[in-house]
Amino acid sequence: GSMVDVTARREAEQEASRLAEQLGNTLESIADAVFTLDRHWRFTFMNREAERQLSRPRESLIGRVIWAEFPESVGTTFEIEARRAIEQQKTVEFEEFFPPRRAWFSVRAYPSEQGGLTAYFQNVTRQREAREEARTSEERFRLLARATNDAIWDWDITTNVLWWNEGFETLFGYRREEIEPTTRS
């Protein structure tokens, strides 16, 4: 018989296992939803947030092809950008609406050297709604400011910049181009 010292190999295996567990714990704890796909588009990992956002437990998805499990995403920006990331071996970022969840998602997808993909995504529906509400409110304010003969001004104290409407020009006789829009004016 012969004897071989496998201590170094065992230590390396234990270290690899410890690092894999540490990575898994890290991915579970982050706020983004994360999943990984292999080169055949099969799920290989999902964190809890991905389960929550996709409304599917990981046990039902691991080993399954993403396009078969989510056929409504075939032909959408989700598929187009995922395929582009892998084909061009470049990171892609985009925001897209996903009708089955009635939600907007911000997605970052990273190709792997093995031909797969890692996707980080967040539901940004609330942020988009807030931006749209702010845009609508700003538009209404501008329309109202244009419709009145009163002078309306807004002072951004952080930048010391003033904005004023056409009523300011009518009331005081100065055009915007003639006066620097600061508090000095």
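1. Start with Arg56 and Glu69: they form a salt bridge, with the closest N and O atoms 2.4 Å apart (the term means a side-chain nitrogen of Lys or Arg within 4 Å of a carboxyl oxygen of Asp or Glu). The pair links distant parts of the chain, 13 residues apart: Arg56 sits in the loop between helix H2 (48-54) and helix H3 (58-61), and Glu69 in helix H4 (residues 66-69). Helices here are DSSP runs of H or I with at least four residues, strands are E runs of at least two, and both are numbered from the N terminus.

2. Before going on, note that this is a predicted model, where local features need pLDDT of at least 70 and side-chain atom pairs count only at pLDDT 80 or more, while totals for chains, interfaces and linings use all residues. Residues are numbered from 1 along each chain as its sequence is written, and side-chain values use heavy atoms, with hydrogens and water left out.

3. Back to Glu69: Arg64 also forms a salt bridge with Glu69, at 3.0 Å between the closest N and O atoms. That puts Arg56, Arg64 and Glu69 in one network of salt bridges. Glu69 is buried, at 14% relative accessible area, whereas Arg56 is partly exposed at 23% and Arg64 is partly exposed at 44%. For these words, buried means under 20% relative accessible area, exposed over 50%, and partly exposed in between (1.4 Å probe, protein chains only).

4. Now the sheet. 5 strands make an open, antiparallel sheet in the order E2-E1-E5-E4-E3 (two strands pair if DSSP finds at least two bridges between them). E2 and strand E3 (92-98) are at the edges, each with a single partner strand, so one side of each has no neighbour in the sheet.

5. Take a look at the E1 and E2 end. Strand E1 (residues 33-37) and strand E2 (residues 43-46) pair over 3 bridges in the antiparallel sense. Phe35 has Met46 as its bridge partner in E2, and Thr36 stands opposite Phe45. The hairpin has 5 residues between the strands, and Trp41 there takes a positive phi near 70°.

6. Arg131 is partly exposed at 46% relative accessibility, and Glu95 is partly exposed at 30%. The structure holds 12 salt bridges.
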